[in-house]
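Please look over the structure shown below before reading on. The explanation is meant to be followed with the model in view.

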Amino acid sequence: MENVNKVIVICGGSSSEREISLQSGQGVFKALCELGYETTLKDFNDLKDLYELKNFDFVFIALHGHEGEGGQLQRKLDDLKIVYSGSKSKACKDSWNKKLTKEILKDNKINTPIWLEVFFDMTLAKNGLQTSSYERFRPFNYLFLKPEEDGSSTDIFKISNDEELIDAYKRCSNPNRNFLFEEYIEGREFTVTIINKECFPPIEIVTKNEFYDYDAKYISDDTLHIEANLTEKELDNIRSISLDAFEALECNVWARIDLLQDKEGNFFIIEINTVPGMTSHSNVPKSGSLLGLTYNEIVKKIIDASL
């Protein structure tokens, strides 16, 4: 492609991740300006017609949630022959839907926690956890319940009994849609950034909360994001499974892979994020900094990998 000069950053939108997306967009916009690009920042809510984007050489997608990660935007940009950051439509669609992600991982013999797809309504909540549907998890102390399609740890619950299941329904901000019950794996949580098929140093997430929920991710000052202290063998394993997941989902350019490690040292893929957060506190710039990369250099790497 010819040299990129005019770049537009798309962020915001209407999803539950709007505020984080606005922060990501602002960070990327500032970096691009400092890198010398002629840059425009645009809230997706204010974009009347995608055809407007043909006025730019490149679209940097900092739009989180279904609008930026669900695959439709990428498909439409491809139809308009507009160059953009990140993975193509299919990879976005498959990774946005946690059930599809898990099916692809399983087909490729990549570890992921056991799951059960359900429609999360009051009937399911009242029926409790004693039905035969949950046999695949037994014995269990806890299960996770999470939306099949959503981000930012929204509406994720850790459940151990029937009362907690009913309480989860009452507290859920957006029930009556498809959710996944997921096996609870006790251990450590990690995230791996991949840019241009290169694994950045893994980050371990340490939270005082019961799990890495919305509060732990965005509000609490007690959550730690630290360079993972792993043996060489463990580092090889986490890089290998992360790259395997990246390729199995047909991702390209960049992504963030979220994982758990059980007490025996086995790694499990939780999810794959094709438009990771790029706030000043996000794991992608944090991981890059461990390689000596500045925020701006990471943004440049994402653009270069997209072309």
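This is a predicted model: local features need pLDDT of at least 70, side-chain atom pairs count only at pLDDT 80 or more; totals for chains, interfaces and linings use all residues.

Residues are numbered from 1 along each chain as its sequence is written, and side-chain values use heavy atoms, with hydrogens and water left out.

The protein chain holds eleven helices and 13 strands; helices (H or I, at least four residues) and strands (E, at least two) are DSSP runs, numbered from the N terminus. Its C-alpha atoms fill a box of roughly 60 × 45 × 40 Å along the principal axes. The radius of gyration of the protein chain is 19 Å, which agrees with the value near 19 Å for a compact globule of 307 residues. This radius is taken over C-alpha atoms, and the globule rule is 2.2 Å times the number of residues to the power 0.38.

Consider next an open sheet of four strands, ordered E4-E7-E5-E6 with antiparallel pairing. Two strands count as paired if DSSP finds at least two bridges between them. Strand E4 (115-119) and strand E6 (157-159) are the edges, each pairing on one side only. Five bridges join E4 to strand E7 (residues 178-183) in the antiparallel sense, and Val118 stands opposite Phe179 in E7.

Helix H5 (residues 98-107) packs on this sheet, where it touches E4, strand E5 (143-147) and E7, and its direction makes about 155 degrees with that of E4. Contact here means heavy atoms within 4.5 Å. Axes are lines fitted to C-alpha atoms, for helices over the stretch in contact, and angles run from 0 to 180 degrees between N-to-C directions. Helix H7 (residues 162-171) lies across E5, E6 and E7, at about 165 degrees to E6.

Where is empty space left? Rolling a probe the size of a water molecule over the atoms shows this. On a 1 Å grid over the protein atoms alone, a cavity is a set of points where a 1.4 Å probe fits but cannot get out, and lining residues have an atom within 4 Å of a point. The largest cavity is lined by residues including Glu17, Trp96, Asp150 and Thr274. Helix H4 (89-96) and strand E13 (267-273) are the elements that give two or more residues to the lining of the largest cavity.

Key. On a 1 Å grid over the protein atoms alone, a cavity is a set of points where a 1.4 Å probe fits but cannot get out, and a pocket is an open set with protein on both sides within 12 Å along at least five of seven lines; lining residues have an atom within 4 Å of a point.
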